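Here is a friendly walk through a protein model, written for someone who likes to know the cut-offs behind each term. Please have the viewer open as you read.

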Amino acid sequence: MADLSIIEKLPQIIKNGTEEARNILDRPLENLITEKEIIITNSNYREIVYKDKWINQLYRGDNLIVIEKLLKEGYKGKIDLIYIDPPFLTKTNYMGRITVKNGEEKEIIEHFAYRDTWEDGLITYLQTLYTRLYLMRELLSDKGSIYVHLDYRTIHYVKILMDQIFGGENFLNEIIWAYKSGGVSKRYYSRKHDNILVYSKGEDYIFNVQKEKSYNRGFKPYRFKEVEEFEDELGWYTLVNLRDVWHIDMVGRTSKERVGYDTQKPEELLQRIIYSSSNEGSIVVDFFAGSGTTGIVAEKLNRKWIMVDKGALSLNTINKRLIESKSSPYNIFKTKNVFNEPGKLFIKNLAIIENEEGVEELNIELDRYIIDIDEIDVKDKYKDKLKEILLKESLALIDFIGIDINYDGRIPVISWQDYRTNDKLIIDSNIKIMDKNLKDSRKIYIKCVDIFGFEYSTVYEINSERMVICQES
Ligand SMILES: C[S@@+](CC[C@H](N)C(=O)[O-])C[C@H]1O[C@@H](n2cnc3c(N)ncnc32)[C@H](O)[C@@H]1O
């Protein structure tokens, strides 16, 4: 297709994508997913009754694999809302910024989050998206809709693909999300908006109308009985149905929402989308989840959610964000080909003791963490600092630690967690857990995730003296 223009190439992209999607639909499901663990952010998992037997799902891996799994495991026609915010073809790599403790100092380390570079540029980009969009339509319920969030670089081409897959008659809106931040140019108008395409699956779709304020230039003009008018510090206004141009600030440097993930979207944006196009109890899916804004908002609005992202930093960011917000329990799955180059966490002591109040308590003393810094995908300028930290206070490189205090040998249920935040840059090395289930405990599962997203887990068997003989470190 080398010498053809993009318009000439579109039919081939559509043909290839349709064929690939149909092959995926027709083949038997090969199990490429490993069920990993359940995360419980509230106190006692045994007492939790899952509403409708539903448990939210967080996947790490390529979304094409997850789409196939969902389609073949009963989710065809079951999803009310899909929001996607894929890479925009910016031809750059995105970073996450992590603040790490280095003695009394703080270091900012930039770590790779995801790539937005494509072998054949626009062609590969559109081809990748087409197959996925085709299959996403299969997942949507009859009352479902999809939001595709892009910008000036590819929106026009993707609109053509979407018309092909969903039918032009099901196109509902192009939402303009306008903001003030970002760069300016002297050579063209400053680019200050993203574009969000909205399509329904069919005619009878969920749409909950929302209202916004419309100001009447400072005076009270209508005086019609049927039009209610209100006043606030900006003047008189009426309430009108939400329009398709949305002025919402980006998640700025000082924003409370900010989690340090480059392309994080504001909760207000997702609130509008999820509220309008799903109901309580609906399943809402984000196949390019990034920092997890969709799940965080879905949770607040009582929707069920599924999120997918292939990046380690993304999964780590989402996990901490969900735990922080005391989300309902969720399953973490990984696709089998996910790369993990783990370090190793050593512990000094692990014992179940009776504390001063006569209550059983699990005491764990962490020793140190080791990892080969030269193997990590960070710029060379950070490597020496990281090696220094590793020598001085290696636990500063642990981002998250999760424990199943009564591991049954199958799926770890992580009901205790500790993690780094900007206010607490190092996890506690002395862990004390009180839990009535400790009396039955035979195995302890400990998992840690380092600041780069690499995971390491071990199972410790408790001996008859209610302790573990720890390995030499
Ligand atoms: C623009 S970001 C999403 C940001 C997100 N909306 C938020 O609020 O944080 C795009 C994400 O898509 C992920 N991604 C790209 N290709 C993917 C694929 N094939 N499967 C799963 N995730 C993918 C990247 O890792 C990245 O986190």
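## Surface patches

Tyr205, Phe207 and Val209 make up a nonpolar patch on the surface, and together they have about 270 Å² of accessible area. Patches here are built from residues with over 30% relative accessible area and no salt bridge, joining like charges within 9 Å and nonpolar side chains (Val, Leu, Ile, Met, Phe, Trp, Tyr) within 5 Å. The areas come from the Shrake-Rupley method with a 1.4 Å probe, and for residues only the protein chains shown count as cover. This is a predicted model, in which local features need pLDDT of at least 70 and side-chain atom pairs count only at pLDDT 80 or more, while totals for chains, interfaces and linings use all residues. Residues are numbered from 1 along each chain as its sequence is written, and side-chain values use heavy atoms, with hydrogens and water left out.

Phe207 sits in the loop between strand 8 and strand 9; helices (H or I, at least four residues) and strands (E, at least two) are DSSP runs, numbered from the N terminus. Phe207 is partly exposed because its relative accessible area is 47%, where buried means under 20%, exposed over 50% and partly exposed in between (1.4 Å probe, protein chains only).

A negative patch is formed by Asp142, Glu169, Glu203 and Asp204. Asp and Glu count as negative, Lys and Arg as positive, and His and the chain ends are not counted; a charge is placed at NZ of Lys, CZ of Arg, CG of Asp or CD of Glu. Asp204 belongs to the loop between strand 8 (193-200) and strand 9 (211-215), and with a relative accessible area of 62% it is exposed.

## Salt bridges

How many salt bridges does the structure hold? There are 34 salt bridges, each a side-chain nitrogen of Lys or Arg within 4 Å of a carboxyl oxygen of Asp or Glu. One of them pairs Glu37 with Lys447, whose closest N and O atoms are 2.4 Å apart. That pair links distant parts of the chain, with Glu37 in strand 1 (residues 33-39) and Lys447 in strand 22 (residues 443-450), 410 residues apart. Both Glu37 and Lys447 are buried.

Glu107 forms a salt bridge with Lys385, with 3.9 Å between the closest N and O atoms. Glu107 lies in strand 5 (residues 105-115) and Lys385 in helix 8, so the pair ties together parts 278 residues apart in sequence. Glu107 is buried at 14% relative accessible area, whereas Lys385 is partly exposed at 33%.

Helix 7 (residues 312-324) has 13 residues and reaches 18 Å from its first C-alpha to its last, close to the 18 Å expected at 1.5 Å a residue. The expected span is 1.5 Å times one less than the number of residues. Is helix 7 largely enclosed or open? 12 of its 13 residues are buried, so helix 7 is largely enclosed by the rest of the structure.

After helix 7 comes Lys326, with a positive phi near 50°. Lys326 is placed in the loop between helix 7 and strand 15 (330-335), and it counts as exposed at 54% relative accessibility. Leu89 also has a positive phi, about 65°, although it is not a glycine. Leu89 lies in the loop between strand 3 (79-84) and strand 4 (93-102) and counts as buried at 10% relative accessibility.
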